[in-house]
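We will go stop by stop, with a word at each on what to look for.

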Amino acid sequence: MTTTMSNLPEVLVEEIISRVPITSLGSFRSSCKKWEALSKTHLLGGKAAEVTTRKQLLGFILVDDKICSMKLDLHGITKDGYDFVDTSVKQVSALDLDELSISQIFHCDGLLLCVFSKRLMVCNMYLGQTRFIKPRRLFERFDKSGVYAFGYDDSSKNRNHKILRNKSVGGGYEIYNFRSDSWKVLNVDLEEDTQLDQQGSLSLKGNAYFLVTKTFEETLEVGEDLEEAMDSEETEEFLLCFDFTTERFGQLLSLPFHSEVDDDGVREDNVVLSCVRDEQLAVLHHSDTTIGIWISTEIEPNAVSWKEFLEVDLVTLHGFPDDFKAGSFFVDEEKQVAVVFDQETEAGGNHTACIIGKDGYFNFVNIGDTPPQYFTSYVPSLVSLETKKKGKRKARDY
């Protein structure tokens, strides 16, 4: 009997599956029907995944309100100054939607949450599955700039994914339960004089983390004999966790730096959150003269500790733009560098991200002629979504 791809020994096929990188998913699935079916129950690139993750970033960005995949390969960065950074950005054409204006994206557990005005969409890019979620009330719309968070309840063997959002009318919060396919109003609120940052949330180990500001009132004693009192306010910035298992906000957590906030609660410096391998939290602080990055050594809903990853003196970086405003970022611990996207949103020309590292390392990488609005890293998974819509999506490479 002639050996073909469809009748190879099972042991050999499993070995092939473990070595093929996730970036070749479309090609692998188009090989034969048997391999396509296996890719829906096995995660491609088991042995190659760790190497691929170290060598390149896989993620999704919003460009002109459309989802695009991004690959960024830093393997060419060397200490001798001859750097080659390979980038690839392309629109995810498989998402054929009538409503193309996506305002926010979030990643959790291999799933991507997309915010529209009329509904939410959750998709598993690896499995090619989508799930649409309608508001709790008829004729209600989702606030495109509202507060959202994506996570899961890990109290049982099978994770129950959930979505948190602020209510459009009347204040407060409500939560969507994937298992029950329903919304419910939560009896939770923030501490007094505490406000969530407009940057949005970040999912880590099933919980969501926000940047928040809190205003404290102080009474200062003035005068020669300290007999007069003067009321004063001070605003500080913290980290706040929403625990999807208990469905409660945690305690205010300290950041490893002091961020300047004016009297109106507006941050004067720039602070951004990111994930490291879906295991640790990273925070970036961009002031007029420095960019500092810290990585968590311990992270729980009510506790966090930090270690410094990188601090760069921008004054010493020749060619660093004065109008650069740090946005989404990710760190490469092996290369000891960080890639930081600019929050600049003006269209036209080539847009770049800066790469900074220890010992004064500095470089730029071109990311296309349209600036990305959001960036989220991506880790594929086999989490299945129940979909009412039947039919197969065309396999593709990321």
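Select R165 and W183 first: R165 lies over the face of W183, at 5.8 Å from the ring centre. A charge sits over a ring here if NZ of Lys or CZ of Arg is within 6 Å of the ring centre and within 35 degrees of the ring normal. For another case, pick R119 and F132, where the charged end of R119 sits 3.9 Å from the centre of the F132 ring.

A note on the ground rules: this is a predicted model, in which local features need pLDDT of at least 70 and side-chain atom pairs count only at pLDDT 80 or more, while totals for chains, interfaces and linings use all residues. Residues are numbered from 1 along each chain as its sequence is written, and side-chain values use heavy atoms, with hydrogens and water left out.

Rings of Phe, Tyr and Trp (its six-membered ring) pair if their centres lie within 6.5 Å; planes under 30 degrees apart count as stacked, over 60 as edge-to-face and the rest as tilted. By that rule there are 12 aromatic pairs. Zoom in on Y176 and F178: their ring centres are 5.4 Å apart and their planes stand at 70°, so this pair is edge-to-face. Y176 is buried (under 20% relative accessible area; exposed is over 50%, partly exposed in between, with a 1.4 Å probe and protein chains only), at a value of 2%. F178 is buried too, at 9%.

Next, switch to cartoon and find the open sheet of 4 strands, ordered β4-β5-β6-β7 with antiparallel pairing. Strands are DSSP runs (E, at least two residues), numbered from the N terminus, and two of them pair if DSSP finds at least two bridges between them. β4 (104-108) and β7 (129-133) are the edges, each with a single partner strand, so one side of each has no neighbour in the sheet. Inside the sheet, select 111-115 and 120-124: these are β5 and β6, joined antiparallel over 4 bridges. V115 stands opposite L120 in β6.

For the last stop, select 270-276, strand β17, where 7 of 7 residues are buried. Which residues cover its two faces? N270, V272, S274 and V276 lie on one side, and V271, L273 and C275 on the other. N270 has H286 as its bridge partner in β18. The two strands form a hairpin with 3 residues between them, and R277 in the turn has a positive phi of about 55°.
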